[in-house]
Amino acid sequence: MIFRRALQREFSYAAAAVFVALFAILITTVLIRLLGQAAGGSVPADAVAALIGFGALSELPVVLTLTLFIAVLLSLSRGYRDSEMVVWFASGVPLTAWISPVLRFAVPLVLVIAGVTLFLGPWAQLKNAEYRDRLDSRDDTTRVAPGVFRESSGARRVFFVEVGAGEDGRVRNVFVSEEDKGKLTVIAAAEGFMHNDADGNRYVILEKGRRYDGTPGTPEYRVMTFERYQVQIESKQMAAAPAKTRTRPTLQLLQNPDDRNLAELAGRIGIPLAALLLALLAIPLSFVNPRAGRTNNLLLALFTYLIYSNAITVCQAWVSQGRLRFELALLLPHLAVLALVAFMFYRRMVVTPFWRSRS
């Protein structure tokens, strides 16, 4: 009981610290990318928080898998460095005795990873895609920001507003440039505001300005001065984009077992299986020689995780291309890691391996 309680407490503390660090890195990475898109005008500033949430939920299985793997690895490596493992071995506790405490700690996390991967992750991907489609269907007036040149969704217009809308809803010093079929139209106005009529039509109304029409590189330009200039805004229809495979619910993948759906299903099932096998692999990988470097096993573990993750991705791609059967893609990478786990246990527990024994 002392053995199990000590390990469970050690695993919990390490997992909490690792999860906070990895999740902070994930949120920071997603935030930097979205802020760059918001600064470029491709994503509205008010949509950053929602997109961060959807992105974090989508990547949560990877974070939890790494948390489980690194937590077990760090906890047992500390035992080697502090000579606690020597005490346990001297007390008659073999290396295989760590399998049961690790499984007690890992199985609940694996169930959470499976739930997120099979249900919550696809939902987050779907909501992310729907939200981005709604953002793309917004009219160009929502892209305007004071002091920033913004390009329209079709890259035909450029907007600039020097002073944002105040309490009266008016903007000041408006600049609009539009190019169509080699013709350039430039509008500069002192003020502008939005107007909705009784029928629900939206208009941009500019006041006290000029309009320039002509062809770039030629002197043929027409200048028009106006006191009031009104342009109707055509509302965009949100196109029904084809649903991506990763946004489909797991039940729908099972009901339509084509190559793409089976490939996605193999990837979703493979993540919780990989988390469980990596937790077991961390037991023999945690061996640290106190006289040697203390980070060698951690680098080896991360390298192993990258190979394992890429192997699952490659098998998933082969299934979608029809080059590999679903059953083989679901078994091959995990059986290979299971064989590696057995080999690592054998190497750590046997004093003289069979390849070193004398005939």
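**Figure 1. The crossing of helix 2 and helix 7 in the predicted model is right-handed.** Helix 2 spans residues 48–81, and helix 7 spans residues 296–320. Two packed helices are described by the angle between their axes and the distance between the axes. Here the axes of helix 2 and helix 7 come within 11 Å and cross at roughly 155°. Angles over 145 degrees count as roughly antiparallel, and helix 2 is therefore roughly antiparallel to helix 7.

**Figure 2. Residues of helix 2 and helix 7 make the contact between these two helices.** Helix 2 contributes V62, T65, L66, F69, I70, L73 and S77. From helix 7 come N297, L298, A301, L302 and Y305. Sorted by class, the contact of helix 2 with helix 7 has nine nonpolar residues and three polar residues, with no charged residues.

**Figure 3. The predicted model holds one cavity of 30 Å³ or more.** The space in the largest cavity amounts to about 40 Å³. Its lining consists of A266, G267, I312, C315, Q316, A329, P333 and H334. By class, five residues of this lining are nonpolar and three are polar, while no charged residues are present.

**Figure 4. Helix 6, helix 7 and helix 8 each supply at least two residues of the lining of the largest cavity.** Helix 6 covers residues 259–285 and helix 8 covers residues 326–349. Helix 7, a contributor to this lining, also makes the contact with helix 2 through residues including A301 and Y305.

Key: Residues are numbered from 1 along each chain as its sequence is written. This is a predicted model: local features need pLDDT of at least 70, side-chain atom pairs count only at pLDDT 80 or more; totals for chains, interfaces and linings use all residues. Side-chain values use heavy atoms; hydrogens and water are left out. On a 1 Å grid over the protein atoms alone, a cavity is a set of points where a 1.4 Å probe fits but cannot get out, and a pocket is an open set with protein on both sides within 12 Å along at least five of seven lines; lining residues have an atom within 4 Å of a point. Grid points are joined across faces, edges and corners, and a volume is the space filled by probe spheres set on the points. Helices (H or I, at least four residues) and strands (E, at least two) are DSSP runs, numbered from the N terminus. Ala, Val, Leu, Ile, Met, Phe, Trp, Tyr, Cys and Pro count as nonpolar, Asp, Glu, Lys and Arg as charged, and the others, Gly among them, as polar. Axes are lines fitted to C-alpha atoms, for helices over the stretch in contact, and angles run from 0 to 180 degrees between N-to-C directions. Angles under 35 degrees count as roughly parallel, over 145 as roughly antiparallel, 65 to 115 as roughly perpendicular and the rest as oblique. A crossing is left-handed if the near helix is turned anticlockwise from the far one by less than a right angle, and right-handed if clockwise. Contact means heavy atoms within 4.5 Å.
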